[in-house]
Amino acid sequence: MSNDYGLWPLVIINSAVFIFFAFSFIKPKNKMDWRSLGAFSAFIIALFTEMYGFPLSIYFLSGWLSEIYPEVDFLAHENGHLLHTLLGFEGDPHFDPLHLASNALVVIGFFILASAWNVLYSAQKHHRLAKDGWYARCRHPQYVAFILIMFGFLLQWPTIPTLVMFPVLVIVYVRLARYEEGVAQTEFGDEYTKYKQVTPGFIPNFSR
C-alpha cells in the first residue's frame, strides 16, 4: 500500500475534531440528539478511514479505474479525489471547483449548526418554541446543517460506504424530524401548528 495511506493517527484526529465540533454545537441532551450525532459520527469515521486509513473504495474499483485511467496512480493520496479525475479536472484537486464548493458547504453547515443551537438552547431554557434565527427560515436547521456537511465531504472525497450511508442518513434525519414535530405539537399545540404552516421543514425560506 502506498505510504499515502495507513495514516491511522490522522483518521483518529480528524474524526475526533469534526465529531467534537458537532458535539459542542448541539450538546446532546436526549435520545434524539444522541441519535443524530451518532449518525453523523458514523459518516465522519467512514469518510476519514478511507481518506487516510484504508482506501477500500479504490481497491474495490481498482480494476475499472486502472483500465480507464492506466496512467493514474490512484493509491497516491491526491488521486483519491475521484471526482476530480472522473470529471476531467486538472491541477491540484484541492483547488478545483468541487473542493472549493465542498469547503464552502462544510463551513456553512457548521455555521448553521452553531447558530441554530444558540436559538434552540435559549428556547429550551425558557420553555418556549424555537422560531427565531434559522428556525424562522426552516423547522429543522440542525438536520439541514448535518446534511450540508456530509454532502460537502462527498464532493471532495466520495467513497462507496459514504455514498451508501448518505441517503440512509438523510432518511434517518427526516424520521427524527417527524418525531420531534410530534413532540413539539403535543407541547406547544396551536402555536406549533401556526409555525408549521408558515415555515418549511428543510429548505430554508430566505425571504423571511
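This is a predicted model: local features need pLDDT of at least 70, side-chain atom pairs count only at pLDDT 80 or more; totals for chains, interfaces and linings use all residues.
Which residue forms a salt bridge with Glu 181, the closest N and O atoms being 3.5 Å apart? The partner is Lys 196. A salt bridge here is a side-chain nitrogen of Lys or Arg within 4 Å of a carboxyl oxygen of Asp or Glu.

Residues are numbered from 1 along each chain as its sequence is written, and side-chain values use heavy atoms, with hydrogens and water left out.

Let me begin with the overall architecture. The secondary structure comprises nine helices and zero strands; helices (H or I, at least four residues) and strands (E, at least two) are DSSP runs, numbered from the N terminus. Along its principal axes, the C-alpha trace spans about 65 × 35 × 25 Å. The protein has 208 residues, of which 46% count as buried. Buried means under 20% relative accessible area, exposed over 50%, and partly exposed in between, with a 1.4 Å probe and protein chains only.

Contacts across the sequence come next. Among contacts between residues at least 6 apart in sequence, 70% join residues at least 24 apart, where contact means heavy atoms within 4.5 Å.

Accessible areas come from the Shrake-Rupley method with a 1.4 Å probe; for residues, only the protein chains shown count as cover. Ile 13, Val 17, Phe 20, Phe 21, Phe 23 and Trp 34 make a nonpolar surface patch of about 590 Å². Patches are made of residues with over 30% relative accessible area and no salt bridge: like charges are joined within 9 Å, and nonpolar side chains (Val, Leu, Ile, Met, Phe, Trp, Tyr) within 5 Å. Helix 1, residues 8-26, contributes the largest share of the nonpolar patch, five residues. Val 17 lies in helix 1 and counts as partly exposed because its relative accessibility is 36%.

We now come to the charges. There are 14 positive and 16 negative side chains, and the centres of the two sets lie 22 Å apart. Lys and Arg count as positive and Asp and Glu as negative, whereas His and the chain ends are not counted. The place of a charge is taken as NZ of Lys, CZ of Arg, CG of Asp or CD of Glu.

Side chains of opposite charge can pair when their charged atoms come close. The structure holds five salt bridges. One of them joins Lys 131 to Glu 191, with the closest N and O atoms 3.1 Å apart. Lys 131 lies in the loop between helix 6 (97-125) and helix 7 (141-156) and Glu 191 in helix 9 (residues 190-198), so the pair ties together parts that are 60 residues apart in sequence.

Another salt bridge joins Arg 139 to Glu 181, with the closest N and O atoms 2.8 Å apart. Arg 139 lies in the loop between helix 6 and helix 7, and Glu 181 in helix 8 (residues 160-188), 42 residues apart. Both Arg 139 and Glu 181 are buried.

Finally, the opening pair: Glu 181 and Lys 196 form a salt bridge. This pair links helix 8 with helix 9, across 15 residues. Glu 181 counts as buried because its relative accessible area is 5%, whereas Lys 196, at 36%, is partly exposed. Arg 139, Arg 178, Glu 181 and Lys 196 are linked in a network of salt bridges.
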